[in-house]
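User: I am new to this structure and would like to learn how its features are read. Please take me through them.

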Amino acid sequence: MSKYDYFDDSPPPQQKPPVRLDLWDMLSILVLLVTLCMGAYFAAVFASPEASYNFLNPARNAPPTPTITQIQPPATWTSTPPGPTETATLTLVPTFTLEPSPTLVSLITPSITPSPTATPKAPFSATVTYIDSTIIHPEASCNWQGIAGTILDANNADMLGIAVRVVGFYNNKTKNELTVSGIAPAYGKSGFEFFLGTVPISSDGLLTIQILDQAGLPLSGNIQINTYADCTKNLVLVKFKKNP
């Protein structure tokens, strides 16, 4: 052996393992093929939109074309004259004539006398007096004018909670005020009071006072009230009492 001969100590080349396709490679190839097929389908549909493989074919989905049908006029109607009709014959029935009967005639005209209707009486009556207001309001001196009073039953017992209303005109102004008995005990247990003004003035029947039940129905008539500019008559005292 020559001295130039030598042994190669390097390891022999290794052979590469064969290429294998795993699951993800196969799925990728499948997706690629599906994409190519879909692209080819859409390209074909775009090129021929009226082809039979196009599910959205315009000709297939177009609405039906309405067909106009001409309406034919009806056949000419020929009237048929009615046949002869029978004429009814009326047969007269004999009538009876009533004999006249005597009629009584009175020369005296009867007269009807209406019976009087009783006027319903109000459940309560009232008495009106005029006193000096300083008896109840000494601090106001003569600078006060008003209407007050009480409501009693047939046994002179005070009745509380009865509505009292004053309406009319006072000092050129309209009055329409409502109160209840029992809120002014200075006049009694069933006392009530209406303040009119600070300067006593005179008026003749321009105000009325009346008591009402809970339904608003009158329990008394409309009692006319006069007012006076006199300081000894500037308080109108009205006493209602139930009739026996």
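Predicted model: local features only at pLDDT ≥ 70, side-chain atom pairs only at ≥ 80, totals over all residues.

User: In what order do the four strands of the open sheet lie?

Analyst: Strands are DSSP runs (E, at least two residues) numbered from the N terminus, and two of them pair if DSSP finds at least two bridges between them. Here the order is β1-β8-β2-β5, with mixed pairing. Because β1 (124-131) and β5 (192-197) each have a single partner strand, they stand at the edges, with one side left without a neighbour in the sheet. Strand β2 (residues 145-152) runs antiparallel to β5, joined by five bridges; G146 has F195 of β5 as its bridge partner.

User: How many salt bridges does the structure hold?

Analyst: Side chains of opposite charge can pair when their charged atoms come close. A salt bridge is a side-chain nitrogen of Lys or Arg within 4 Å of a carboxyl oxygen of Asp or Glu. The structure holds one: E177 pairs with K175, their closest N and O atoms being 2.9 Å apart.

User: Is K175 buried or exposed?

Analyst: Buried means under 20% relative accessible area, exposed over 50%, and partly exposed in between (1.4 Å probe, protein chains only). K175 counts as buried at 14%, whereas E177 is partly exposed at 30%.

User: Which residues make the nonpolar surface patch?

Analyst: Patches are made of residues with over 30% relative accessible area and no salt bridge, like charges being joined within 9 Å and nonpolar side chains (Val, Leu, Ile, Met, Phe, Trp, Tyr) within 5 Å. L23, W24, L27, L30, V34, M38 and F42 make this patch of about 760 Å². L23 is exposed, with a relative accessible area of 56%.

Conventions. Residues numbered from 1 in each chain as written. Heavy atoms only, no water. Areas by Shrake-Rupley, 256 points an atom, 1.4 Å probe, with all protein chains shown as cover.
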